[in-house]
Amino acid sequence: MSKNLVIVESPAKAKTIERFLGKDFTVKSSFGHIRDLPGKNISIDIENNFEPQYVISDDKKKVVADLKKSANSAEIVWLASDEDREGEAISWHLLEALNLKEEKTKRIVFHEITKSAITKAIENPRKLNKDLVDAQQARRVLDRLVGYELSPVLWKKIKPSLSAGRVQSVAVRLIVEREKEILDFNYSSSYKVVAGFVVSDNSILKAELPQRFSTKEEAKTFLEKCKDAEFTIEDLETKPAKKSPAAPFTTSTLQQEASRKLGFSVSQTMSVAQRLYEAGKITYMRTDSVNLSNEAIGAAKKEIISSYGEEYSKVRTYKTKAKGAQEAHEAIRPTYMNDHTFSGDPRQARLYDLIWKRTIASQMSDAKLEKTTVKINISTVEESFIAKGEVLLFDGFLKVYLEGTDDEDNSEKEGILPPLAVGEKLEMQEVSATERFTHYPPRYTEASLVKKLEALGIGRPSTYAPTISTVQNRGYVVKEDREGKQRDFTTLTLVNGNINDVKAKENFGFEKKKMFPTDIGVVVTDFLVEHFNTILDYSFTAKIEEQFDEVAEGKKQWDQMIREFYTPFHSKIEDTLENADRASGERDLGIDPESGRPLIVRIGKFGPMAQIGKTDDPEGAKFASLLTGQTIGEITLEEALQLFKFPKTIGTYENKEIVVAQGRYGPYVKFGDMFVSIPKDEEMTNVDLKRAIELIKEKQQADAPIDEYENMPVQKGVGRFGPFIKWNGMFINVNKKYNFDNLSHEDIVELIETKKQKEIEKYVHRWDEEGISVQKARWGRFNIIKGKVKIELPKTFKVENLTLEEAKKMIEEKAPAKKSKTSKKKKKSN
């Protein structure tokens with residue numbers, strides 16, 4: 001065994017580091033955290049200084065045993081997890097779980113995986129920073145307390161299986177409040193006036209009136225006055241201007257720019273960046289610093305001069321503005337500036353290209369421009385037209401990179417103006433006044449939500465991606481495209497002395513990859529804001545982050561911070577459980593004309609629903625689920641009444657009834673034993689008998705056998721996981737190796753036989769007479785299965801030695817909970 005054992009979090013990182021260290025070093029991975037709070041209970045000793053009760057998870061026991069064995073035979077153990085608070089906590093857990101002696105344990109950190117950085121870290125080890133560990137521990141404990149105490153309140157007061165979290169609930173609140181702003185937004189219109197003039201060289205000069213007219217009449221009056229007007233260049237002003245490059249990437253700005261330019265989600269950006277870091281291609285990717293080391297600045301300067309010339313180089317230093325910046329000491333940059341590109345995975349290559357260009361651009365010269373403003377006098381009115389243009393004199397950093405923007409204003413960019421002179425008379429080609437509407441505040445994208453969270457001081461670089469993933473996974477927020485609507489607008493155009501009045505239509509409100517709150521997200525947020533306003537207060541959440549920073553700096557004891565938070569919080573929990581009313585987001589739509597009873601929409605056990613009458617009415621209440629795309633906040637009385645017409649028999653075909661209905665996964669047509677989904681872009685209410693028969697025929701054609709194997713038909717289709725064939729009750733995925741549109745008999749036989757073999761191989765044990773089997777599961781685990789009972793076994797379980805009797809016993813130990821529920825029901829019926 002080597003004298004030195006280096007422990008890192010990931011196998012990829014271990015593999016890269018091992019290349020730089022000699023034979024005296026062995027590098028092993030802990031595969032992330034080895035200890036955590038168990039999921040079954042709160043696991044925090046509230047009475048004893050909030051001491052967390054960590055456990056080693058079953059899937060990490062073998063890893064820990066292996067690391068312990070290696071550590072015992074090594075002279076020195078080097079803990080080399082990441083340099084942020086979470087990395088420090090991982091090292092501390094390793095120290096504790098492996099029973100490492102402090103005198104033979106050293107902590108090393110580095111923000112890039114290069115030979116020089118690793119060597120420097122080995123030469124400059126330090127001790128574990130317990131303040132950083134405590135800061136991470138405080139975050140973990142506080143979030144566990146909030147989640148475990150707040151979630152049961154939601155189960156009791158709204159519906160089961162809901163969850164709340166300190167940061168996730170605040171993120172959802174941002175999205176909910178923005179949606180309410182949009183729903184309450186009142187559009188107003190005004191008229192934008194643009195003119196086109198013919199100048200001396202016969203080119204067209206575009207100019208705009210700086211102010212807008214609020215009414216059509218005002219705009220028309222202005223155009224009338226322009227009929228006999230003379231247009232003269234009154235002033236011509238030319239000024240030098242410059243553009244400066246953006247700072248190198250932080251975690252937040254990388255997530256934003258990768259979203260704008262590459263279309264990456266926040267979690268995808270972090271996953272790809274993690275792989276680039278572990279491969280030694282970029283520096284550490286969780287940071288809120290924009291600083292570059294002197295070595296990096298020097299390397300960038302050398303590369304810029306070599307590639308573009310000395311005039312393109314300008315050494316710059318940037319200062320971090322983020323409150324409490326602490327995650328790392330340098331911005332995200334390439335480890336080697338002379339590596340312009342990355343060859344390998346396409347996504348990694350695209351992200352690397354973005355990082356390289358942003359870093360290089362940050363050390364380049366300003367772009368130099370010349371901006372020209374032209375004031376055009378109108379002889380008949382006081383107003384003047386303004387034309388603007390710009391010329392790029394020196395491209396500077398723009399040669400490499402220009403930062404993207406979230407601005408949704410599609411105004412035209414300033415271009416180059418034709419040759420002009422003061423006093424020059426202009427020939428008016430046309431003047432148009434176009435009706436334009438105010439725009440509601442933009443909905444959040446993942447990137448703009450990160451930007452907002454950072455601006456409010458909520459969360460830190462390591463928390464943005466998991467927060468955004470969590471709110472979507474929990475069903476509080478959806479990220480999707482939504483079609484816009486159409487509206488009329490008016491354009492008045494003065495041409496050849498005549499004013500033309502034209503009405504046209506425009507699309508508006510189209511949304512792409514925007515974040516929308518779900519009905520349950522709105523109801524939960526409203527409830528939490530009403531009863532736990534402090535927890536969801538933006539400044540309070542930011543203040544908590546500042547207290548974590550104080551713990552990390554050794555200015556505050558972590559358990560004291562938790563106690564200050566928990567005492568009033570727990571009292572509020574008890575009060576809310578005792579006194580708060582149930583919340584359902586109920587909205588009164590009006591009266592059902594058929595029964596005369598009230599019609600409301602609300603959250604029910606299975607999601608948003610419409611309800612006619614009350615449950616305690618003599619005739620009871622009627623219920624209908626809202627359709628996909630309908631929300632409690634926007635559905636109208638007429639749309640809700642349509643829901644109660646379903647399930648609806650619309651006719652017969654081939655002597656069988658056709659029924660249109662709404663199911664758990666959306667609207668469908670039922671024809672005998674066949675269920676046909678109604679396409680997402682079609683309204684269920686518009687499906688008549690003719691359209692239903694078309695859908696049935698399409699389904700019959702799609703389900704028709706394409707082949708036969710072992711005297712059984714083979715069908716094909718496309719499901720949520722892609723193309724498949726169905727044979728003997730088995731669904732078999734068809735990968736890109738095959739031409740799905742033209743599957744040959746040989747292809748089908750190969751697919752079926754491969755699947756059959758996989759089915760055989762997935763069974764470790766099979767006791768068919770008892771209905772019990774042991775099957776392979778994901779990630780190297782195993783499951784014992786009997787009917788609906790499933791028992792998960794860890795990777796370390798010696799499954800090959802499991803007997804039928806042992807399997808039966810394990811099933812019986814899990815089954816009593818179900819038996820007791822059955823016996824309770826029997827007692828009640830008696």
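Glu257 and Arg260 lie three residues apart in helix H8 (residues 251-262), so about one helical turn separates them. In this predicted model, their side chains meet in a salt bridge, with an N to O distance of 2.5 Å. Glu257 counts as buried at 0% relative accessibility, whereas Arg260 is partly exposed, with a relative accessible area of 23%.

Another salt bridge links Glu330 to Arg333, whose closest N and O atoms are 2.5 Å apart; here Glu330 is buried at 4% relative accessibility, and Arg333 is likewise buried at 4%. Salt bridges that share partners also join Glu9, Lys13, Asp82, Asp84 and Arg286 into one network, and the count of salt bridges comes to 53.

Glu511, which is found in strand S18 (residues 511-517), is buried with a relative accessible area of 3%, and its side chain makes a polar contact of 2.7 Å with the side chain of Tyr440. Leaving aside residues up to four places away in sequence, Glu511 touches Tyr440, Arg443, Glu480, Asp481, Arg482 and Phe516.

Strand S33 (residues 782-786) pairs with S34 in the antiparallel sense over five bridges, and Phe782 has Leu793 as its bridge partner in S34.

How values were computed
Residues are numbered from 1 along each chain as its sequence is written. This is a predicted model: local features need pLDDT of at least 70, side-chain atom pairs count only at pLDDT 80 or more; totals for chains, interfaces and linings use all residues. Side-chain values use heavy atoms; hydrogens and water are left out. Two strands pair if DSSP finds at least two bridges between them. Helices (H or I, at least four residues) and strands (E, at least two) are DSSP runs, numbered from the N terminus. Buried means under 20% relative accessible area, exposed over 50%, partly exposed in between (1.4 Å probe, protein chains only). A polar contact is a pair of N or O atoms within 3.5 Å; within protein, one must be able to donate a hydrogen and the other to accept it, and residues adjacent in sequence count only if both atoms are side-chain atoms. Contact means heavy atoms within 4.5 Å. A salt bridge is a side-chain nitrogen of Lys or Arg within 4 Å of a carboxyl oxygen of Asp or Glu.
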